[in-house]
Amino acid sequence: MGFILFTDSSCNLSHETLAQRDVHVVPLTYNIGEETFSCYEEGVPFDSKGFFARLRAGDIARTSLINTDSFLRAFELFLQNGQDIVYISISSGISGTYQSAMLAAEELNGKYTAKVYVADSLSAAYGEGLMVLHAADMRDAGESAENVAEWVRQNRLSMCHFLSVDDLGFLRRGGRLPAMAAAIGTMLNLKPLMFFDGQGRVAVAEKVRGKNRLLREMLKRYAEKALRPDDGTVVVVHGDCAEDAEQLGALLLQKHPNVALTITCIEPTTGAHAGPGALTIIFWGTER
């Protein structure tokens, strides 16, 4: 084993996958009312049904970034043992977590010979997760921590996310979409097709009416931008709307039957801002 690979709870990877690939997780947290929850607890599955049921009932989930002290506690023991660390973060365009990690790395790298390399994924959910899995492959093949972190920085804009939400209010309340854009979309009954831009922020690609057209637009973007459209890896994540996700997956497989398709529920870090009914297609592309 080479360096130690870390990510955060936004990565959307299952407990089993994280354990199999020897990936460590630093969790974000969220609050509903006076209750505070961890977005990831080892060995404890995420209750997606219960989480999204509360959001549908009107509860508001507010996420909190990972603070610098949490990173110091997570990283220091490994550095004391002389092991380098790569941490792949949720996008700095939607969370201050990356900056917290950079502050921790600066402090620790001045103290130990082993180093922390922080790589901003400029992604979220399974987009971040796919980068983590590739980083694990590189680690297992003997690549250095420094090289793997640099690979993430050089290739992160090839990770494409195209997403839609049922209720734009979730993105507006979380500051992930300008209030004016959310208000116009709601008044006109439009469903924006959104994407992660070059700064890792949520931006609007197109405004469409109706679910069927939205699904067609997602598939069109996939066909135009996918690096390997006929046999690549594709992930569809959803906010407790499995039927919509299965429909999108079936349409994808009709045209691209040999892709490796994964369908899963979104994790709470991103789910708190996307809300119930959110749908996203994620894949390696030629550009965002």
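Student: Is C241 buried or exposed?
Tutor: This is a predicted model, in which local features need pLDDT of at least 70, side-chain atom pairs count only at pLDDT 80 or more, and totals for chains, interfaces and linings use all residues. Residues are numbered from 1 along each chain as its sequence is written, and side-chain values use heavy atoms, leaving out hydrogens and water. C241 has a relative accessible area of 10%, and buried means under 20%, exposed over 50% and partly exposed in between (1.4 Å probe, protein chains only). C241 is therefore buried.

Student: Which residue holds the cysteine sulfur closest to that of C241?
Tutor: The distance from the sulfur of C241 to that closest sulfur is 8.0 Å, which is too far for a bond. The closest cysteine sulfur is in C265.

Student: How many disulfides does a search of the whole structure find?
Tutor: A disulfide is a pair of cysteine sulfur atoms within 2.5 Å. The search of the whole structure gives a count of zero.

Student: Which cysteine has the sulfur nearest to that of C11?
Tutor: C11 has a relative accessibility of 2%, so C11 counts as buried. C11 takes part in no disulfide. The nearest cysteine sulfur is 11 Å away and belongs to C39.

Student: Where is S123 placed?
Tutor: S123 has a relative accessible area of 0%, so S123 is buried. Helices (H or I, at least four residues) and strands (E, at least two) are DSSP runs, numbered from the N terminus. S123 lies in the loop between β7 (116-120) and α5 (125-140).

Student: Which side chain is joined to that of S123 by a polar contact of 2.9 Å?
Tutor: Leaving aside neighbours within four places in sequence, S123 is in contact (heavy atoms within 4.5 Å) with residues including I90, E128, R156, H161 and R288. A polar contact is a pair of N or O atoms within 3.5 Å; within protein, one must be able to donate a hydrogen and the other to accept it, and residues adjacent in sequence count only if both atoms are side-chain atoms. At 2.9 Å, the side chain joined to S123 is that of R288.
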